[in-house]
Amino acid sequence: MSRISLIWFGAAVSIAEILTGACLEGLGLRRGLLVIVVGHIIGGLLLYLAGMIGAKNKEGAMKSSALSFGRFGSYFFAVMNIIQLVGWQGIMIFDASYSAEGILGIGHRWWCLIVGILTVVWIVLGRKSRDKLNVIVMVLLMLLTVVLSFIIFSGIRNGGGAASGLAEAVSIGQGLELSIAMPLSWIPMIADYTYKAEKPVKTTLSACATYSLASMWMYIIGLGAAVITHETRIDQIMLKAGLGAAGLYIIVFSCVTTNFIDAFSCNQSTYALIPEERFSPDTKEKQTLKKNVILNLPGIIDTVIGTVAAMLFPMENITEFLYFIGSIFAPMISVQIADNFILGHKNEDRRVDITAGLAWIVGFIVYRLLMKTDMVFGYTIPDMAITVVVTIVFRKLSELSKSHSLRGVQNVN
């Protein structure tokens with residue numbers, strides 16, 4: 001497994017993924033598995049296309065969006081990404097702290113502080129040291145999740161598998177949307193890791209396939225545990241599986257490795273707002289601890305805010321947050337897909353691309369309207385299809401308008 005694939009495996013081994021899988025208990029095992037697999041195939045494909053846009057244009061995720069939306073347009077999405085990253089840091093630390101507290105009770109806020117400090121340490125470590133530690137951490141996480149999977153699915157073979165009558169009702173469309181939402185949340189970040197790869201197509205495919213399969217696995221663990229134990233709290237799932245200290249390790253370090261990716265992307269989105277190259281985190285200078293702290297300052301601030309928010313605010317229900325992410329970034333990637341893979345449109349010199357902005361607004365409104373209906377195929381796919389078509393139509397109309405204007409000027413002359 002390549003270094004980048006290993007990083008994305010770490011992103012998928014996440015408490016949030018397991019808990020979201022547990023939320024599908026109301027579908028039962030068979031239908032739950034169906035929406036997990038289908039949702040991750042769709043989400044993984046979208047993640048791959050987003051990664052390829054960055055790899056194709058040799059730009060990070062937010063700078064790639066400037067090719068469609070213009071420089072100032074890309075700033076909007078960079079800010080939106082920073083907001084969602086702060087939210088994710090808070091959610092991940094909140095979930096990890098409450099789950100860890102359920103296994104070893106030292107206080108929710110103390111666990112928030114411990115996870116936050118470990119995340120900052122992980123951020124400021126040099127790449128070589130972090131890569132070596134990452135291999136050890138990922139191998140242990142993989143082994144422990146294999147053990148957890150074996151325990152859970154042994155229970156299913158022994159008679160589990162039916163949804164509880166007390167489980168919250170979830171429709172196929174809602175379940176599909178929750179399965180697509182996690183891969184979709186990484187769309188503004190994937191290109192930050194793939195755009196400099198020597199073999200961009202192979203690296204992007206490997207990273208997206210690794211994430212999608214591992215995320216699917218985490219969802220299935222959550223679903224299986226909820227169906228058998230009717231328990232959606234990760235600490236109780238770990239305890240019922242007989243994992244005490246090992247469960248604590250999974251909870252804490254799965255959070256730290258996922259939060260690192262959020263912090264790194266926060267760096268990239270922040271530096272996308274700063275035109276001067278001297279502020280770029282990709283500098284080739286020899287890095288000391290001081291330089292690492294300075295270059296990763298946006299990610300450190302992101303982690304600190306997330307830690308404080310986790311200490312102060314309840315963050316149990318992330319469904320609305322996932323829908324917020326979908327409504328922002330599904331239309332964004334739809335416009336980029338239309339421009340990059342269908343129209344071949346690039347306009348990196350423009351400050352704001354009005355046509356792309358209008359197409360995104362239509363996509364955003366359509367997504368929010370679709371949320372009021374319960375469709376078997378969810379909201380993301382129809383919204384993206386509509387936004388792609390709208391982008392193509394708007395681009396063609398814009399070209400016609402420019403052509404007529406040019407002819408009018410020529411006739412006057």
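**Reading helix packing and cores**

Colleague: Helix H3 and helix H15 (residues 319–343) pack at an angle of about 55 degrees, their axes 10 Å apart. What are two packed helices described by?

Modeller: By the angle between their axes and the distance between the axes. The axes are lines fitted to C-alpha atoms, for helices over the stretch in contact, with angles from 0 to 180 degrees between N-to-C directions. Helices are DSSP runs of H or I, at least four residues, numbered from the N terminus. A caution: this is a predicted model, where local features need pLDDT of at least 70 and side-chain atom pairs count only at 80 or more, while totals for chains, interfaces and linings use all residues. Residues are numbered from 1 along each chain as its sequence is written, and side-chain values use heavy atoms, leaving out hydrogens and water.

Colleague: How are H3 and H15 oriented to each other?

Modeller: Under 35 degrees counts as roughly parallel, over 145 as roughly antiparallel, 65 to 115 as roughly perpendicular, and the rest as oblique. H3 and H15 are therefore oblique. Their crossing is left-handed (the near helix is turned anticlockwise from the far one by less than a right angle; clockwise would be right-handed).

Colleague: Which residues of H3 and H15 meet?

Modeller: Contact means heavy atoms within 4.5 Å. From H3 come Leu46, Leu49, Ala50, Met52, Ile53, Lys56 and Asn57, and from H15 Ile333, Gln336, Ile337, Asn340 and Phe341. By class, that contact has eight nonpolar, three polar and one charged (nonpolar: Ala, Val, Leu, Ile, Met, Phe, Trp, Tyr, Cys and Pro; charged: Asp, Glu, Lys and Arg; polar: the others, Gly among them).

Colleague: And at what angle do H3 and H9 pack?

Modeller: About 45 degrees, with axes 8 Å apart; H3 covers residues 28–57 and H9 residues 187–194. So H3 and H9 are oblique too, but here the crossing is right-handed. H3 brings Leu46, Leu47, Ala50, Gly51, Gly54 and Ala55, and H9 brings Ile187, Ile190, Ala191 and Thr194. Seven of those residues are nonpolar, three polar and none charged.

Colleague: Now cores. Which residues touch the most other members of the largest nonpolar core?

Modeller: In soluble globular proteins, nonpolar side chains tend to be buried together. A nonpolar core is a set of buried Ala, Val, Leu, Ile, Met, Phe, Trp, Tyr and Cys residues joined through side-chain atoms within 4.5 Å (buried is under 20% relative accessible area, exposed over 50%, partly exposed in between, with a 1.4 Å probe and protein chains only). Here the largest has 107 residues, and Trp8, Leu24 and Trp88 touch the most other members. Residues touched by Trp8 include Trp186, Ile190 and Tyr211.

Technical notes:
Helices (H or I, at least four residues) and strands (E, at least two) are DSSP runs, numbered from the N terminus. Lists of a residue's contacts leave out its neighbours within four places in sequence.
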